[in-house]
Amino acid sequence: MTFLKKPLLWIIVVILIVAVFVSVKIFGSSDGDYEMTKVERGDVVQEVSVTGRVKSSESVDLAFEKSGRVAKIFVSVGDEVKTGQTLANLSNSDLAAQVLQAQASYEKALAQHEELLIGTRPEELQIARTKVENAEKVFADARANLENVKQEAEVDLDNQYDDLKDVLSDSYLKADDALNKQIDELFYNDTSAFPKLTFSVNNYAIKDEVENKRKAAGDELAVFKSEVDSLPSSQSGLDQVLTEAEAHLNIILAFTIRLGDALNNAVGLDSTTLTNYKYYTNTGRTNINAAITNLSAQEQSIVAQKATNQSGISTAEASVNTAQNSLNSAKDDLNLKEAGATTQELAASAAGVKYAKANVESYQAEFLKTV
């Protein structure tokens with residue numbers, strides 16, 4: 001098989017050579033001149049002029065690790081670059097500021113830690129002790145003022161109750177004058193169990209009522225006298241007498257009013273006597289009204305004094321509480337300064353220093369990457 005293929009190959013080559021020679025002879029002949037050149041050894045150059053976009057066979061997308069403003073570009077388009085060469089960098093002013101800020105925080109943390117190690121300065125301790133002394137003085141003054149306010153309040157209230165004793169005595173005298181002096185002529189046996197009017201009344205119901213009320217008024221006056229003659233020393237006891245005295249006077253007043261009704265219905269009295277009887281009755285009633293008014297006024301005065309005392313004492317007590325709190329706070333502050341920093345506080349402060357230093361190193365490393 002190999003032997004047959006080789007002669008056939010040679011036959012084909014010979015045929016091609018002959019065909020080329022014949023073609024040159026037939027189509028290559030011309031009547032014109034021929035341009036001849038000498039064959040020399042050299043490089044074959046082929047130039048191509050076209051329009052279009054050149055695309056590199058290989059490209060790389062470049063980007064910064066973080067966003068920012070480009071500060072400078074070190075190469076131009078088309079420049080040849082090498083591995084590791086800096087092409088551009090970002091502005092590092094913000095990183096520089098962060099480095100300074102981190103450094104300041106570190107120095108502050110370090111200074112605070114050193115202060116904890118040293119402890120409270122003597123000057124600060126003296127200031128704290130002075131604050132305690134001042135707070136103790138304020139507290140003592142507040143307590144003294146509270147005692148003064150209480151004493152003054154007690155004296156003022158005692159004076160009010162002393163005045164009440166006088167008002168009670170005066171009220172009894174006015175009631176006694178009304179019953180036993182002013183209207184004495186209007187009754188027979190007026191201090192007995194069965195007093196009787198000295199004049200006739202055209203209304204027997206009024207007559208009986210007035211005579212009964214005279215007996216009741218006399219009984220109230222007798223009780224009133226026993227209370228005034230043995231006034232209690234306690235303020236609560238005097239309050240009770242005051243309440244009962246007002247009740248006595250109101251009963252006596254009601255009697256004088258009804259006595260006036262009896263005089264309006266009197267018969268057999270000449271005008272002069274009737275006028276005098278009405279004058280005596282009105283005078284007695286006026287005096288009793290004055291006694292009731294005086295007792296009520298004194299009662300209101302006592303109530304007002306108690307309110308004033310309570311307000312003053314409450315204010316003084318509030319001042320004492322405020323002074324006490326200030327004193328406690330000053331003592332606590334002094335104790336803390338004298339004790340110094342605890343182990344836990346020192347450990348926390350040292351950790352804060354380490355953390356601040358680590359921040360400085362981190363920002364410095366970021367900054368150096370941009371230089």
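This is a predicted model: local features need pLDDT of at least 70, side-chain atom pairs count only at pLDDT 80 or more; totals for chains, interfaces and linings use all residues.
**Ground rules.** I number residues from 1 along each chain as its sequence is written. Local features need pLDDT of at least 70 and side-chain atom pairs count only at pLDDT 80 or more, while totals for chains, interfaces and linings use all residues; side-chain values use heavy atoms, with hydrogens and water left out.

**Whole chain.** I looked up the secondary structure first. The chain has seven helices and six strands. Helices here are DSSP runs of H or I with at least four residues, strands are E runs of at least two, and both are numbered from the N terminus. In sequence order I read α-β-β-α-α-β-β-β-α-α-β-α-α.

Next I checked burial. Of 371 residues, 24% count as buried. The cut-offs are under 20% relative accessible area for buried, over 50% for exposed, and partly exposed in between (1.4 Å probe, protein chains only). The accessible surface comes to about 26200 Å², and carbon and sulfur atoms hold 54% of that. Those areas come from the Shrake-Rupley method with a 1.4 Å probe.

I also looked at contacts, meaning heavy atoms within 4.5 Å. Among contacts between residues at least 6 apart in sequence, 77% join residues at least 24 apart.

**α3 against α4.** Helix α3 covers residues 122–182, and its axis comes within 10 Å of the α4 axis. The two cross at roughly 150 degrees. I take axes as lines fitted to C-alpha atoms, for helices over the stretch in contact, with angles from 0 to 180 degrees between N-to-C directions. The pair is therefore roughly antiparallel. That label needs an angle over 145 degrees; under 35 is roughly parallel, 65 to 115 roughly perpendicular, and the rest oblique. The crossing is left-handed, which here is the near helix turned anticlockwise from the far one by less than a right angle.

I then listed the partners. On α3, they include L168, Y172 and L179; on α4, they include R214, L221 and F224. By class, the contact has eight nonpolar, four polar and three charged residues. Nonpolar covers Ala, Val, Leu, Ile, Met, Phe, Trp, Tyr, Cys and Pro; charged covers Asp, Glu, Lys and Arg; the others, Gly among them, are polar.

**α4 against α5.** The axes of α4 (residues 204–229) and α5 come within 9 Å and cross at roughly 155 degrees. So α4 is roughly antiparallel to α5. I count 15 nonpolar, one polar and eight charged residues in this contact. α4 passes α5 in a left-handed crossing.

**α5 against α6.** Helix α5 (residues 235–264) packs on α6 (residues 271–339) at about 160 degrees, axes 9 Å apart. This pair is therefore roughly antiparallel too. The contact holds 14 nonpolar, seven polar and six charged residues. The crossing is left-handed.

**A102.** I found A102 in helix α2 (residues 93–118). A102 is buried, at 9% relative accessible area. Leaving out residues up to four places away in sequence, A102 touches A356, N359, V360 and Y363. The C-alpha atoms of A102 and A358 are 9.1 Å apart, across 256 residues of chain.

**K354.** K354 sits in helix α7 (residues 343–370). At 65% relative accessibility, K354 is exposed. Its C-alpha lies 8.3 Å from that of Y106, 248 residues away along the chain.

**N189.** N189 is in the loop between β3 (187–188) and β4 (196–197). Its phi is near 50 degrees, a positive value in a residue other than glycine. Most residues other than glycine have a negative phi. N189 is exposed, at 53%.
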